[in-house]
Amino acid sequence: MPRVVSVLLGAWVALTAGCRSEPPPSYLRLEGAAPALEAPQDARARLIVFWASWCPPCREETPGLLALAKHPPEELQVLVFSHDADMSAVETFLGGPPEPALHLRLDAERRAAHAFGVDTLPTSILVVDGRLVARFQGPREWDSRAMRRLLEKLIAEHPARAPAPVH
């Protein structure tokens, strides 16, 4: 019986590896150019979220993430990269197709995650005008007043660049 328990425990650890649930620090400041994405950008700031439907902390933050995506602060767009193998797993968890405001894309091969240096789920990265600004590790209350104010503050700290003069 102990062997069965250790095998089951090992399988659970392998399944949830890279999935963090302990309280994280508020955020880490970042600097530098963000990796290029093949997604249309409708706002000057993006919250890029690395997530999976099988990750308990990711599931925990989903309601707030959906609320933020549907009603983001001015100039912010949410973009979710899912580590799920196929969209059916995401749709099963969400109870239907993903909300269009999530701009959800599959990243089963972890290419986007690798480009952003992500190895733990959930991880979210704020990018403003193509520049890395902040990294949030662990689940968040994305639609809380405090988080919305923090996102607005971080976006405001990076004013839009004026276009170069044409000579």
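Tutor: Helices (H or I, at least four residues) and strands (E, at least two residues) are DSSP runs, numbered from the N terminus. The model is predicted, so that local features need a pLDDT of at least 70 and side-chain atom pairs count only at pLDDT 80 or more, while totals for chains, interfaces and linings use all residues. Residues are numbered from 1 along each chain as its sequence is written, and side-chain values use heavy atoms, with hydrogens and water left out.

The protein chain has five helices and six strands, and from the N terminus its elements follow the order α-β-β-α-β-α-β-α-β-β-α. Of its 167 residues, 43% are buried, where buried means under 20% relative accessible area, exposed over 50%, and partly exposed in between (1.4 Å probe, protein chains only). Contact means heavy atoms within 4.5 Å. Among contacts between residues at least 6 apart in sequence, 73% join residues at least 24 apart.

A nonpolar core is a set of buried Ala, Val, Leu, Ile, Met, Phe, Trp, Tyr and Cys residues joined through side-chain atoms within 4.5 Å. The largest one here holds 42 residues, and the members that touch the most others are Leu47, Phe50, Phe116, Leu126, Phe136 and Leu151. Two or more residues come from each of the strands β2 (45-51), β3 (76-82), β5 (123-128) and β6 (131-137), and likewise from the helices α2 (56-70), α4 (111-115) and α5 (145-156). Strand β2 contributes the most, six residues. In soluble globular proteins, nonpolar side chains tend to be buried together.

Leu47 shows how these parts meet. Beyond its neighbours within four places in sequence, Leu47 contacts Leu68, then Leu76, Gln77, Val78 and Leu79, then Ser124, Ile125 and Leu126, and finally Phe136, Trp142 and Leu151.

Two strands pair if DSSP finds at least two bridges between them. Strands β2 and β3 run parallel and are joined by seven bridges; Phe50 has Phe81 of β3 as its bridge partner. In β3, seven of its seven residues are buried. In a regular strand the side chains alternate between the two faces of the sheet. In β3 both faces are covered, one by way of buried Leu76, Val78, Val80 and Ser82, the other by way of buried Gln77, Leu79 and Phe81.

Strand β6 is largely enclosed by the rest of the structure, because six of its seven residues are buried. It pairs antiparallel with β1 (residues 28-29) over two bridges, and Leu28 has Arg135 of β6 as its bridge partner. The pairing of β5 with β6 is also in the antiparallel sense, over six bridges, and Val128 stands opposite Arg131 in β6. β5 and β6 make a hairpin with two residues between them.

Most residues other than glycine have a negative phi, and most peptide bonds are trans. Asp129, in the turn of the hairpin, has a positive phi of about 50 degrees; with a relative accessible area of 27%, Asp129 is partly exposed. Glu75 belongs to the loop between α2 and β3, and its phi is also positive, near 75 degrees. Its relative accessibility of 36% places Glu75 among partly exposed residues. In the loop between α4 and β5 lies Pro122, and the peptide bond from Leu121 to Pro122 is cis, with omega near -15 degrees.

Glu141 sits in the loop between β6 and α5 and is exposed, with a relative accessible area of 63%. Its C-alpha lies 7.6 Å from that of Leu65, although 76 residues separate the two in sequence. Met147, in helix α5, counts as buried because its relative accessibility is 10%. Met147 is 79 residues from Leu68 in sequence and 9.8 Å from Leu68 in space, C-alpha to C-alpha.
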